Amino acid sequence: MKQDSAEALALNILGWLVGDDDLLPTFLGSTGMDGAELRARAGEAEVLSAVLDFLMMNDEWVNRWANETQGDPMGVMRARQALPGGEQVNWT
């Protein structure tokens with residue numbers, strides 16, 4: 001996946017997350033951002049990476065997003081790998 005496609009997917013997930021009254025406060029609390037900062041920084045790769053990292057913390061959240069949006073749950077991981085800091089580490 002290319003970075004622009006990964007960013008588009010992360011923005012889609014962010015839109016879904018913002019619409020979830022239960023999950024959004026958890027995300028904001030985990031990032032230390034408030035709603036105004038999230039709006040101001042929504043297009044930044046660092047924030048989009050945080051969105052994907054947050055979603056991937058819980059398989060139930062990934063599956064709920066996929067079911068509600070007809071998204072590909074495996075696409076979340078591929079998108080994260082395409083954004084800065086998401087590269088797989090080779091330990092050999």
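**Exercise 1: A ring on the inside**

Phe-54 has a relative accessible area of 3%, so Phe-54 is buried (buried means under 20% relative accessible area, exposed over 50% and partly exposed in between, with a 1.4 Å probe and protein chains only). Before going on, note that this is a predicted model, where local features need pLDDT of at least 70, side-chain atom pairs count only at pLDDT 80 or more, and totals for chains, interfaces and linings use all residues. Residues are numbered from 1 along each chain as its sequence is written, and side-chain values use heavy atoms, with hydrogens and water left out.

Task: Find out whether Trp-61 is buried or exposed.

Solution: Take the relative accessible area of Trp-61, which is 14%. Compare it with the cut-off: Trp-61 is buried.

**Exercise 2: Aromatic pairs**

Task: How many aromatic pairs does the structure hold, and of what kind is the pair of Phe-27 and Phe-54?

Solution: 
- Start with the rule: rings of Phe, Tyr and Trp (its six-membered ring) pair if their centres lie within 6.5 Å; planes under 30 degrees apart count as stacked, over 60 as edge-to-face and the rest as tilted.
- Count: there are 2 aromatic pairs.
- For Phe-27 and Phe-54, the centres are 5.2 Å apart and the planes stand at 70 degrees, so this pair is edge-to-face.
- Put together, Phe-27, Phe-54 and Trp-61 form one aromatic cluster.

**Exercise 3: Around helix 4**

Task: Which residues of helix 4 are buried, and what covers them?

Solution: 
- Walk along helix 4, residues 45-55: the buried residues are Val-47, Leu-48, Ser-49, Val-51, Leu-52, Phe-54 and Leu-55.
- Look at what covers them: this includes helix 1 (3-18), helix 2 (23-31), helix 3 (35-41), helix 5 (59-69) and helix 6 (73-82).
- Zoom in on Leu-52: not counting residues up to four places away in sequence, Leu-52 touches Ala-10, Ile-13, Val-76, Ala-79, Arg-80 and Leu-83 (contact means heavy atoms within 4.5 Å).

How values were computed:
Helix = DSSP H or I, 4+ residues; strand = E, 2+ residues; numbered from the N terminus.
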